[in-house]
Amino acid sequence: MRSVTSRLLILLLCLAAVAGLLALGAWGLRRLLPSTPGPTPQPVTQGCLATVDGATAFLSPEQSKWASIIVAESIRRGLPARAATIALATAMQESSLRNIDYGDRDSVGLFQQRPSQGWGSVEQIMDPWYSSGKFYEVLVTIENWQTGDINDVAQAVQRSGVPEGYRKHVEEARVLASTLTGHSAAALTCVVRDSATPQPSVLPEIFERGLAGGVTVERAPDQWTITADDPTTAWAAAHLAMANLRDSGLRSVNATGAGGSTAWTMDPVAYAPWTASTPVQPTTITLGF
């Protein structure tokens, strides 16, 4: 009986030794062979993503450029963010936020305004600053435009053949208007991979025309410093600049003021977040190119 037990014990020890050798060999083989990389993250769609209170809105690089002018013109006129919401919802419906030179009958531009209906010449309407301004000129004459249903107010301006068409764009337009007017802080992030030759010169018109009197700009070759009168204007400057990322070559934004600072740096693969998790009330925006 004792010999049987001894043989069984020896067998178990041998099996344990073999298992150990196999494990050691597998470990050594893993060390010798190259590691298998994980899946490569797929780049996100190029454009800008705005997020306000959990609601989001996405614009392509072209759309974000036009949206920045529509909103900057509302700021220049001293209009509330609601005006920008109405204008953006209108342009999203009429042209998909594209400055097109064609449309129904003689309609052209962001808002598909018609020269034959007194909106201006084709050349004038194709100027997004002009067409945005003409939209606001009519908007403020509409009764209850500041409190009425946004779709209905837009329809009163446009007199469209699709009178309910603006309604589906209202939520996204609100997100974009709140972001680009600066009422929502650190609410925008953008990705651009096919930028042309950087031209920071596209930004002065936004700052000097849209934010005239509200900011001062100090320019250096690779960095601009914007000093704003208040945090809302500072955030408007930051977000409007980011909306022109593709043309300007902008690559980073730093916002500094009460509460500290927060920064954003463009990631070519993902929508990069802003660094600070606590609210920042900036009066200085630094743009890096």
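Trainee: Which element gives the largest share of the lining of the largest pocket?
Mentor: Helix 6 does, with three residues. Please keep in mind that this is a predicted model.

Trainee: How much space lies in that largest pocket?
Mentor: The largest pocket holds about 520 Å³ of space.

Trainee: How many residues line the largest pocket, and which lie nearest its centre?
Mentor: Its lining has 19 residues, and those nearest the centre are Gln 112, Arg 114, Gln 158, Arg 159 and Ser 160. Two elements, helix 3 and helix 6 (150–158), each give two or more residues to this lining.

Trainee: How does the lining of the largest pocket divide into nonpolar, polar and charged residues?
Mentor: Eight of the lining residues are polar, six are nonpolar and five are charged.

Trainee: And the second largest pocket, how much space lies there?
Mentor: The second largest pocket has about 210 Å³ of space. It is lined by 16 residues, and Ile 75, Arg 76, Gly 210, Leu 211 and Thr 233 are the closest to its centre. Helix 2 (61–76), helix 8 (203–210) and helix 9 (231–242) are the elements that give two or more residues to its lining.

Trainee: Changing topic: where does Ser 107 lie?
Mentor: Ser 107 sits in the loop between helix 3 (81–95) and helix 4 (122–125).

Trainee: Is Ser 107 buried or exposed there?
Mentor: Ser 107 counts as buried because its relative accessible area is 7%, and the cut-off for buried is under 20%.

Trainee: What does the side chain of Ser 107 reach?
Mentor: It reaches the backbone oxygen of Asp 104, at 2.9 Å. Setting aside neighbours within four places in sequence, Ser 107 is also in contact with Tyr 102, Gln 112, Gln 113 and Arg 114. Among these contacts, Gln 112 and Arg 114 are also named with the residues nearest the centre of the largest pocket.

Trainee: What about Glu 62, where does that one lie?
Mentor: Glu 62 lies in helix 2. With a relative accessible area of 32%, Glu 62 is partly exposed.

Trainee: Which residues does Glu 62 touch?
Mentor: Not counting residues up to four places away in sequence, Glu 62 touches Arg 98, Asn 99 and Arg 246.

Trainee: How many residues has the largest nonpolar core?
Mentor: That core has 75 residues, and Phe 207 and Leu 287 have the most contacts inside it. Leaving out neighbours within four places in sequence, Phe 207 is in contact with Ala 212, Val 215, Val 217, Trp 224, Ile 226, Ala 237, Ala 241 and Leu 287.

Trainee: Finally, how many helices and strands has the whole chain?
Mentor: The protein chain has ten helices and eight strands. Of its 289 residues, 43% are buried. Among contacts with a separation of 6 or more, 63% are between residues 24 or more positions apart.

Note on methods: Residues numbered from 1 in each chain as written. Predicted model: local features only at pLDDT ≥ 70, side-chain atom pairs only at ≥ 80, totals over all residues. Heavy atoms only, no water. Core = buried A, V, L, I, M, F, W, Y, C linked by side-chain atoms within 4.5 Å. Buried < 20%, exposed > 50% of the residue type's maximum accessible area, 1.4 Å probe, protein only. Contact = heavy atoms within 4.5 Å. Helix = DSSP H or I, 4+ residues; strand = E, 2+ residues; numbered from the N terminus. Polar contact = N/O pair within 3.5 Å; in protein donor to acceptor, adjacent residues only side chain to side chain. 1 Å grid on protein atoms, 1.4 Å probe; cavity = no way out; pocket = protein on both sides within 12 Å on 5 of 7 lines; lining within 4 Å. Points joined across faces, edges and corners; volume = space filled by probe spheres on them. Nonpolar A, V, L, I, M, F, W, Y, C, P; charged D, E, K, R; others polar.
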